[in-house]
Amino acid sequence: MTSDIASPIDTSLIDIVKVTKTYPPDIMALDDVSMSVGHGEMVFLTGVSGAGKTTLLKLLCFLERPTMGLIEMNKKDISKLSGHDLQKMRQHIGVAYQDFRLLPKQTVYQNIALAMEVRYETPKDIKQRVLELLANLGLADKIHTPTGKLSRGEQQRVSIARACANKPPLILADEPTGNLDPAATALVMNLLKRLNEDGTTIIIATHDQSIYQKSDHRLINLENGKLQEIIKVNFDL
Amino acid sequence: MSYISFIFGQLVRNSRHGWTSQVMTLFTVSLSVLIFSFFFLIYINMQKASSRLGNELRLIVYLEQEVPEAFRQEFKKKITDFDKVDKIVFISREEAFERLTKQLGRDSDVLEDLDPSFLPYSVEIFPSSNLKSLTRIKDFSDYLVSLPGAVKVQYGQDWIERFGYFISLLRIIVILSGALLILTSVFMVSYTIRLTLESRQEELEILRFLGATDRYIRGPVIVEGFLLGLFGACSGLLSLFFLFQWIKNHFSGPAFMNLFELSFLPLANSATIFLISLLLCSSGSLISIRKYLKV
Ligand SMILES: Nc1ncnc2c1ncn2[C@@H]1O[C@H](COP(=O)(O)OP(=O)(O)OP(=O)(O)O)[C@@H](O)[C@H]1O
Ligand SMILES: [Mg+2]
């Protein structure tokens, strides 16, 4: 059993060192987790419900603080970042939340645009990018629909589009295909794969075997808050 | 450029659901600017009138006997112990007689056979013509009458004294309405902005997840406060100006005008009121945004 999962690539983007996270009163969500993720990697994070996947992703974008241990992003301890640097860091991490976190009264367009507006992108660039993403995800006809009126599967794709909008160097996707049929799943995975081929580091937490079985990317399994095993699914070898 | 257009986009978006409270706030701010500057305007005009009065103001102390040359310095010192004065003049009987003759003009022949000795000796005191001496004139005269050798003190009329009291009352009103201005603009603006922020709470939380900087969140809010202050102060001062014109046109009887040559607030004062309300409204908006800026 190993709890030290090094990245196969030398220069790591993320280093998680002996991280423990407990929620009050004494729920051990993560227990002494260490791992690294290299620049440009795509990593699948699996585990039964309650294993701690979402918790791990939240720690990476500092929505939760680790109880113990160290998390480094680009070799910088993120707990030492100033408020402003943290905000900047979040601008460079696209997160697709398990619970979507969309604004239900605002349209698909406005929800996605918000991620780019906080970076002061021009309206022209924003429009172009949003249209492109919606076309890729099969949502072009929903552009002016308030997200509260969309189906769960459509909302899920909007939240993925928002995560990808800025072409961030790191994308964290929490159950990105949880509500999708195989066709929509393929659209989402194609988008993420293309971004990964362009150099984006992507971490995907998922139960969905179909999306990682056929891939040759690293697979990390969480069990009861511990990193249990690495399953290398490598068809080329 | 895109930052500015973004801010205005946000403002328009915000004012869509919060415009009633924004209008209320605008109204309150301009009303308190109006109230404050109105009293300030009266105060300034009164102050001017009082200094004009002050120039003509003198107290005359009638004495039992002439103050000998040797004691005059000491006598002056006793007077100035109480308050600063511009000038002290000792009037001999002959001088008093001469003045009386002049005053009577053509009728001065009634004095022809009289000896100046029927007139009392006196001292004329010209208080320094500021507001303070005007409001203390009664105390001053009480003090003078208690000086050795003083028989009686005469000064202006009763109304000068009342005028002095009125001005000090006005000063209190100016201070109170200034406090009102501060309270209403800070509280109303921060209240309105809190409403705006509360209606956007969900959005603000998501904005934080998306990495919005403080500047991004704060920008539109401060601009909103700033604009409320800008328009509030503008309309307050403009209404004052029209009110002033109206008063001037309706109360410009000749008698009245002699005493009060009404003048509007000097530019420096208007500008100060303007800037202060801008500052107050902006800081009112900052107060309410603070708690939303935690990362
Ligand atoms: N805010 C919280 N307060 C208390 N306990 C929490 C909190 N968030 C998560 N937990 C607990 O921590 C554990 C890990 O939760 P987490 O959401 O990370 O699991 P998960 O692997 O994402 O599960 P799922 O596959 O169902 O999404 C669970 O036992 C959960 O009940
Ligand atoms: Mg989860």
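Reader: Which residues in helix 5 of chain A meet helix 6 of chain A, and which residues of helix 6 do they meet?

Author: Welcome! Please keep in mind that this is a predicted model. On the side of helix 5 of chain A, the contact is made by R157(A), I160(A) and C164(A). Their partners in helix 6 of chain A are A184(A), V188(A), L191(A), L192(A) and L195(A).

Reader: How many nonpolar, polar and charged residues does the contact of helix 5 of chain A with helix 6 of chain A have?

Author: Sorted by class, this contact of helix 5 with helix 6 of chain A has no polar residues. One residue is charged, and the nonpolar ones number seven.

Reader: How are helix 5 of chain A and helix 6 of chain A oriented to each other?

Author: Helix 5 spans residues 152–164 and helix 6 spans residues 182–197, both in chain A, and their axes come within 11 Å and cross at roughly 5°. Angles under 35 degrees count as roughly parallel. That makes helix 5 of chain A, relative to helix 6 of chain A, roughly parallel.

Reader: What is the orientation of helix 4 of chain A and helix 6 of chain A to each other?

Author: The axes of helix 4 (residues 123–136) of chain A and helix 6 of chain A come within 9 Å, crossing at roughly 130°. Helix 4 and helix 6 of chain A are therefore oblique.

Reader: Which residues make the contact of helix 4 of chain A with helix 6 of chain A?

Author: By class, the residues of this contact of helix 4 with helix 6 of chain A divide into four nonpolar, one polar and two charged. Helix 6 of chain A brings L187(A), L191(A), R194(A) and L195(A). From helix 4 of chain A come R129(A), L133(A) and N136(A).

Reader: Which residues coordinate the magnesium ion (ligand 2)?

Author: The coordinating atoms are OG1 and OE1, at 1.8 to 2.1 Å from the magnesium ion. They belong to T54(A) and Q98(A) respectively.

Reader: How many residues apart in sequence are the parts that T54(A) and Q98(A) tie together?

Author: T54(A) sits in helix 1 (residues 53–60) of chain A, while Q98(A) sits in the loop between strand 7 (93–96) and helix 3 (108–117) of chain A. The pair therefore ties together parts whose separation in sequence is 44 residues.

Reader: Is T54(A) buried or partly exposed?

Author: Buried means under 20% relative accessible area. T54(A) has 24% relative accessibility, so T54(A) counts as partly exposed.

Reader: Is E41(A) buried or exposed?

Author: E41(A) is in the loop between strand 3 (27–38) and strand 4 (42–46) of chain A. Its relative accessibility is 7%, so E41(A) counts as buried.

Reader: With which residue does the side chain of E41(A) make a polar contact?

Author: This polar contact joins two side chains, at 2.8 Å. The partner of E41(A) is R218(A).

Reader: What do the buried residues of helix 2 of chain A pack against?

Author: Helix 2 covers residues 83–91 of chain A, and its buried residues include L86(A), Q87(A) and M89(A), along with R90(A) and Q91(A). Within chain A, the buried residues of helix 2 pack against helix 1, strand 5 (68–73) and strand 7. From chain B, they meet helix 7 (201–209) and helix 8 (214–250).

Reader: What separation do the C-alpha atoms of V17(A) and D32(A) have?

Author: V17(A) belongs to strand 2 (residues 12–23) of chain A, and D32(A) to strand 3 of chain A. Along the chain they are 15 residues apart, and their C-alpha atoms are separated by 7.9 Å.

Reader: What is phi of D32(A) near?

Author: Most residues other than glycine have a negative phi. D32(A) is a residue other than glycine with a positive value, near 50°.

Reader: Which residues does a cis peptide bond join?

Author: Most peptide bonds are trans. Here omega is about 0°, in a cis bond whose second residue, P25(A), lies in the loop between strand 2 and strand 3 of chain A. The residues joined are P24(A) and P25(A).

Reader: And chain B: what does its secondary structure come to?

Author: Along the sequence, the pattern of chain B is α-β-α-β-α-β-α-α-β-α-α-α-α-α. Chain B has 295 residues, of which 44% count as buried. Its secondary structure comes to ten helices and four strands.

Note on methods:
Residues are numbered from 1 along each chain as its sequence is written. Chains are lettered from A and ligands numbered from 1 in the order in which they are written. This is a predicted model: local features need pLDDT of at least 70, side-chain atom pairs count only at pLDDT 80 or more; totals for chains, interfaces and linings use all residues. Side-chain values use heavy atoms; hydrogens and water are left out. Axes are lines fitted to C-alpha atoms, for helices over the stretch in contact, and angles run from 0 to 180 degrees between N-to-C directions. Helices (H or I, at least four residues) and strands (E, at least two) are DSSP runs, numbered from the N terminus. Angles under 35 degrees count as roughly parallel, over 145 as roughly antiparallel, 65 to 115 as roughly perpendicular and the rest as oblique. Contact means heavy atoms within 4.5 Å. Ala, Val, Leu, Ile, Met, Phe, Trp, Tyr, Cys and Pro count as nonpolar, Asp, Glu, Lys and Arg as charged, and the others, Gly among them, as polar. Buried means under 20% relative accessible area, exposed over 50%, partly exposed in between (1.4 Å probe, protein chains only). A polar contact is a pair of N or O atoms within 3.5 Å; within protein, one must be able to donate a hydrogen and the other to accept it, and residues adjacent in sequence count only if both atoms are side-chain atoms. Donors are N, O and S atoms within 2.8 Å of the metal (3.2 Å for Na, K and Ca); water is not among the atoms, so sites may look incomplete.
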